[in-house]
Amino acid sequence: MNTIMYEQDEVYGIIRLNRPEVLNALNIAIVEDFIELLAKLEDQVEPRVLIITGTERAFSAGADLKSIYTMQQTGQLNPTEKLLNAVTTLFNKLETYTKPVIAAIDGIAYGGGCELALACDFRIATTNARIGLSEVKLGVLPAGGGTQRLPRLIGLSRAKYMLLSGEPVEVNTLQEWGLIHEVVSSEELIAKAKAFSAPFLNGAPLSHKAIKSLAVSSTNTDLNTGLEIERHWSNQLHGSNDAKEGIAAFNQKRKPVFQGQ
């Protein structure tokens with residue numbers, strides 16, 4: 001995978017976008033490689049946490065506008081359709097992924113790059129980060145979930161400001177708004193992402209999967225339906241080996257060893 005670099009550092013899986021010559025802009029190749037990598041990692045016990053980051057000056061500049069322009073010039077009627085379909089698949093996969101996912105943002109995260117970060121569970125940024133949804137300046141709109149996920153994360157009024165202005169917002173402000181969880185130096189970024197996610201390692205992988213699924217579904221289901229789904233997941237987990245291990249470890253006053261089963 002030339003477009004994606006992957007490194008496993010003990011329990012942490014670090015996914016690095018690797019198209020620095022175009023500021024890690026998203027094209028079909030990088031998105032499909034990303035989806036393929038996620039599928040390979042999903043059912044493995046380790047890594048327990050994924051950290052997504054970029055290279056050099058960018059997390060991701062968003063959609064690869066040069067390739068889209070080339071396709072427009074050759075007469076393709078919907079040059080972004082295939083890319084948007086792939087991006088939607090990737091971002092939905094990240095949002096419901098079975099492991100906690102951290103976006104570690106350094107440099108620019110515009111458009112689809114910002115939407116990639118929105119699809120992650122948490123976001124840590126450097127003081128050099130520039131984050132915004134700039135599509136309005138191109139005569140289009142954020143079609144990778146930006147108009148839907150951003151209001152749910154920071155509230156409607158603040159989201160409208162970002163969406164309608166297309167301007168990046170200062171990272172300390174985004175931290176105040178709840179979009180960014182930590183602001184650090186570039187040198188500290190990956191170490192902080194690991195430290196931030198370290199408490200997740202105490203939980204069982206199957207519990208993580210269930211809790212993430214329930215949390216996402218809570219935004220688009222009524223309370224009674226959500227409670228029914230919650231009971232379903234609870235019954236499933238109580239029959240798992242991890243639940244038996246967790247309860248046994250509690251009673252034996254030791255640390256549980258979860259296997260994701």
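Which residue just after α5 takes a positive phi? We will reach the answer by way of the helices around it. The model is predicted, so local features need pLDDT of at least 70 and side-chain atom pairs count only at pLDDT 80 or more, while totals for chains, interfaces and linings use all residues. Residues are numbered from 1 along each chain as its sequence is written, and side-chain values use heavy atoms, with hydrogens and water left out.

Let's start with helix α1 (residues 28–42) and helix α3 (residues 81–95), which pack at an angle of about 30° with their axes 9 Å apart. Helices here are DSSP runs of H or I with at least four residues, numbered from the N terminus. Axes are lines fitted to C-alpha atoms over the stretch in contact, and angles run from 0 to 180 degrees between N-to-C directions. The two helices are therefore roughly parallel to each other, a term that covers angles under 35 degrees. On the α1 side, the contact (heavy atoms within 4.5 Å) is made by I28, V31, E32, F34, I35, L38 and E42. From α3 come K82, L83, A86, V87, T89, L90, K93 and L94. By class, this contact has 10 nonpolar, 1 polar and 4 charged residues. Here Ala, Val, Leu, Ile, Met, Phe, Trp, Tyr, Cys and Pro count as nonpolar, Asp, Glu, Lys and Arg as charged, and the others, Gly among them, as polar.

Next, follow α3 to another partner, α4. These helices pack at an angle of about 30°, with axes 8 Å apart, and are therefore roughly parallel to each other. F91, L94 and E95 in α3 meet G112, E115, L116 and A119 in α4; the residues of this contact divide into 4 nonpolar, 1 polar and 2 charged.

Now for helix α5 (residues 146–154), where G146, R149, L150 and I154 are buried, meaning under 20% relative accessible area with a 1.4 Å probe and protein chains only. They cover an arc of only 105° around the axis, which puts them on the same side of α5; the arc is that of the directions from the helix axis to the C-beta atoms. Their cover includes α3, α4 (112–119), α6 (156–165) and α7 (171–177). And here is our residue: just after α5, G155 takes a positive phi of about 95°.

Finally, look in the loop between α6 and α7 for P168. At 25% relative accessibility, P168 counts as partly exposed, the class between buried and exposed (over 50%). Leaving aside neighbours within four places in sequence, P168 is in contact with Y110, R130, I131 and G132.

Note on methods. Parallel < 35°, antiparallel > 145°, perpendicular 65-115°, else oblique.
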